[in-house]
Amino acid sequence: MTGFKRFIPLLIVLLLGAVFFKSMTDGHNPKEIKSVRIDKPAPVFSLRLLADEKIQATDAILKTGKPVLVNFFASWCAPCRAEHESLMTLAFDKGIPIIGIAYKDDPIKSQRFLDSLGNPFAQVVVDRAGRAGIDWGVTGVPETFLVDGDGIVRYRHWGPIVGDAAIGRVMAAVEDLE
Amino acid sequence: MIAELGHFALIVALMLAILGATVPHYAIFRRDTRLMALSDPFAYGQFFMAATAFGALMYSYIISDFSVLNVAANSHTSKPLLYKISGVWGNHEGSLLLWVLILTLFAAAVAWRGKGLPLRFRSRVLAVQSTLCIGFLMFIIFTSNPFLRLDPAPFEGNGLNPLLQDPGLAFHPPMLYIGYVGLSIAFSFAVAALIEGEVTPLWARWVRPWTLAAWIFLTGGIALGSWWAYYELGWGGWWFWDPVENASFMPWLAATALLHSSIVVEKRDALKSWTILLSIIAFSFSLLGTFLVRSGVLTSVHAFAVDPERGVFILGFLAIVIGGSLALYAWRAPRLTPSGMFGVVSRESALILNNVLLSTFAAVVLVGTLYPLVLEAINGTQITVGPPFFEFAATVLMSPLIVALGFGPLLAWKRGRISRAAQVLIPAAIVGVVTFWLVIWDKAGGIMMTGFGLALAAWLMVSVLMEIAERTKLFKNPKKFLTRLVRLPRATWGMSLAHFGLGVIVLGITVSEAWTSEQLRVMSPGDTAEVAGFEFKLEGVEPIAGPNYTAVRAAFTVTRNGELVAPLYAEDRVFSDPPMPTTEAGIYPLFRGDLYAVIGEYLGDNRWSVRLYFKPFISGIWVGAGLMVLGGIISLSDRSRRIGAPAGRRRSKPKQPAVPVGQTQEG
């Protein structure tokens, strides 16, 4: 091999190295599956409130003109317990309203979970069958969505919000909207 | 104390590696042969120290010394001894230590067996090998030390992933590693040759047995892994084109190509530049595999615990090793001028076709594996590349390879006459075509692909037999057939066996893909289900207890036309440390195919979900791989038996080199 050809293998390797370096350092998690909901309207739903089974809440509760977080949680989910403290911070220190969706959970147990740890949610609706979870495209609990004032999903946090860095990322997304 | 000894041995090994990587180059610069000769003891010393460190870690595992973090995180007292030992390489740190052990083992082997190499060249090779050792030892010592202590020591360890507690998997990683790391010798030879600026037929003769040995282990390791997936994962498949499976397959493809291209270098003094490049690429693929499982850039069932610091370190090391060697190649390649010329229809061009197809396939697998990653880095789109892509590529690229494989060994060097080769192979072609049409006619599989696959397998196997017949003049002069058969060089037997093995693999894949019968049933004890003419009767389900698991075991009896064929036992195990369920498929291999049963969930009311299969001739996949390994071993044994013997000049000369490697007194 002579001329330029002999540099081709080297160039391919350098290019691959750059791609690897980028995907390792940009905080990318290969297990994370991107949400297809981003920049699309939040799914329509009508679910009973945890507090009162006679009252149905719809997606109208998301369109308040202010950014709202939607958090999927369950009493059986250990990471939800871990992120609970961050939700309290977001709700009470940062003043962001959070709608909780109790995912595939017994309402009595969901209530007990909130009673023992504190309730960061403005409203909690019950998704006993997991139908809303399918509509939102959650890949597991916990998962948190940021919905803007017009009901458009703007950001999705995959997995538990644990630590200042994770809270910071959610806050940055909220501030982007304002 | 023992762990500290291991830690200390690693540091000494690093010092020796640094000396081993620098002193020989200086010695060659000064033309000081006494100093050059030091590269041997440096290699032995590194091996001794790596073995000490590995032994120390293994000892800590065997006595369950949970004050060592690595042992506490990956072992448990209730594990059987075999899995305490295999647990040593069942984790990131331990597997790296195994990697270093094999790396130094190969270096020591070159020092020991390579006395026939010119001293100057041998010390260059060992210096390159020591450079590789430096990288891995630094990686271990600075980011992945297996000897870190834990204070206070826990009472009990976390245990090993139960999926790995399996005899097949106890030996799959070491075999694969010997294969991966064995390619480092071809790499070191290539880089040394580039530094020296010269590639001779002798170079190819030295490098081939090392490549062949690595190839044997790589083949065995991959086959063992897929066999494990087949009986342990319980989904009936055996290969998934998972990124890490691909990572082991790419070096195999490159090593196979290298094995064939170095024949051309040795025999005809041609293809030098390409062979050097291939040696670098083959080992680079090994390094890429190691990188992929440890860096967390891709998801896979095989991935080790992920740590970005490690990922960046190993990426930097890779950039130096692969980038550096390819830069050296770009600089030096123009010096490697070919001297041998050959015609279009010749053994050489058949081998070139083999190389083009194998390396194209390796490139396609690389693209398929990394495409999702590259795409996401460019525009954030997430996609996956699945089996259909790879299967299509395999069909398109491997079919012409198999067709050419029938011709190749019959073509003469320099100028072959296709007509003569064709005469011999016409019977093979006829058998292939007839099989093809029979299947289309019968519509048994209902698909063209099955007929095509069967025709390829038949073509390959018959042409291998025809080639042996041709070499032994079976049809021209049958009297001396047996004498000639016995006299065939082992290298020829090895080649024929390996090629025949490929035919058996193709047959196994085609038949099992086309005619597998599957039943998903809910059964209670006493129920029967029919699969492909076999009656599976569920006799009963009972709980059993193993050393560190509890299980339910379903007992089936399989009958055919009222006659007992075999009992089958399928288990669903739940391990205690860590808690995790695994399936153990009940498999009974018959000549015609495998009976395969998996027990699933308990549905209440004494009913169980079960999956029952009959997989015709699926064992052909592993039998074929076994034949390939056997062929490699026989071919390798030929070389070592012919110590010092001159190259044969007879017409029935083996296709593969007759002169042993590292035993000649040249230089």
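This is a predicted model: local features need pLDDT of at least 70, side-chain atom pairs count only at pLDDT 80 or more; totals for chains, interfaces and linings use all residues.
Okay, let's start in chain B, with Ser399(B), which sits in helix α14, residues 387–407. Is Ser399(B) buried or exposed? Its relative accessible area is 7%, so Ser399(B) is buried. If you skip the neighbours within four places in sequence, Ser399(B) has contacts with Ala394(B), Phe452(B) and Leu456(B).

As background, nonpolar side chains tend to be buried together in soluble globular proteins.

Trp241(B) counts as buried because its relative accessibility is 11%, and the cut-off for buried is under 20%. The backbone there deserves a look: phi of Trp241(B) is near 55°, a positive value, and this is a residue other than glycine. For anyone who wants the reminder, most residues other than glycine have a negative phi, and most peptide bonds are trans.

Chain A has a positive phi in a non-glycine residue as well: Lys104(A), where phi is near 45°. Lys104(A) is placed in the loop between β4 (98–103) and α3 (107–117) of chain A. With 45% relative accessibility, Lys104(A) counts as partly exposed, whereas Trp241(B) counts as buried.

While we're on backbone, where are the cis peptide bonds I'd like you to look at? In chain A, a cis bond joins Val141(A) and Pro142(A), with omega about -5°. Pro142(A) belongs to the loop between α4 (131–136) and β6 (143–147) of chain A. In chain B, the bond from Asp151(B) to Pro152(B) is cis, omega near 0°, and Pro152(B) is in the loop between α7 and α8 of that chain.

Take α1 of chain B, residues 2–30, and α7 of chain B, residues 119–143: their axes come within 8 Å and cross at roughly 150°. That angle makes α1(B) roughly antiparallel to α7(B). The crossing of α1(B) past α7(B) is left-handed. Sorted by class, the contact of these two helices has 17 nonpolar, five polar and two charged residues.

Ser39(B) belongs in this part of the talk. It's in helix α3 of chain B, residues 39–62, and at 3% relative accessibility it counts as buried. Leaving aside neighbours within four places in sequence, Ser39(B) is in contact with Pro24(B), Ser123(B) and Leu126(B).

What about packing between the chains? Helix α1 of chain A, residues 8–25, packs with helix α11 of chain B, residues 272–295, at an angle of about 5°, with the axes 13 Å apart. α1(A) and α11(B) are therefore roughly parallel to each other. From α1(A), Pro9(A), Phe20(A) and Met24(A) meet Leu277(B), Leu288(B), Phe291(B), Leu292(B) and Ser295(B) in α11(B). By class, this contact has seven nonpolar, one polar and no charged residues.

Last stop, Ala428(B), found in helix α15 of chain B, residues 418–442. Its relative accessibility is 0%, so Ala428(B) counts as buried. Residues up to four places away in sequence aside, Ala428(B) touches Trp459(B), Val462(B), Ser463(B) and Met466(B). And how far apart are Ala428(B) and Leu454(B), in sequence and in space? They are 26 residues apart in sequence and 13 Å apart, C-alpha to C-alpha.

How values were computed
Residues are numbered from 1 along each chain as its sequence is written. Chains are lettered from A and ligands numbered from 1 in the order in which they are written. Side-chain values use heavy atoms; hydrogens and water are left out. Axes are lines fitted to C-alpha atoms, for helices over the stretch in contact, and angles run from 0 to 180 degrees between N-to-C directions. Helices (H or I, at least four residues) and strands (E, at least two) are DSSP runs, numbered from the N terminus. Angles under 35 degrees count as roughly parallel, over 145 as roughly antiparallel, 65 to 115 as roughly perpendicular and the rest as oblique. A crossing is left-handed if the near helix is turned anticlockwise from the far one by less than a right angle, and right-handed if clockwise. Ala, Val, Leu, Ile, Met, Phe, Trp, Tyr, Cys and Pro count as nonpolar, Asp, Glu, Lys and Arg as charged, and the others, Gly among them, as polar. Buried means under 20% relative accessible area, exposed over 50%, partly exposed in between (1.4 Å probe, protein chains only). Contact means heavy atoms within 4.5 Å.
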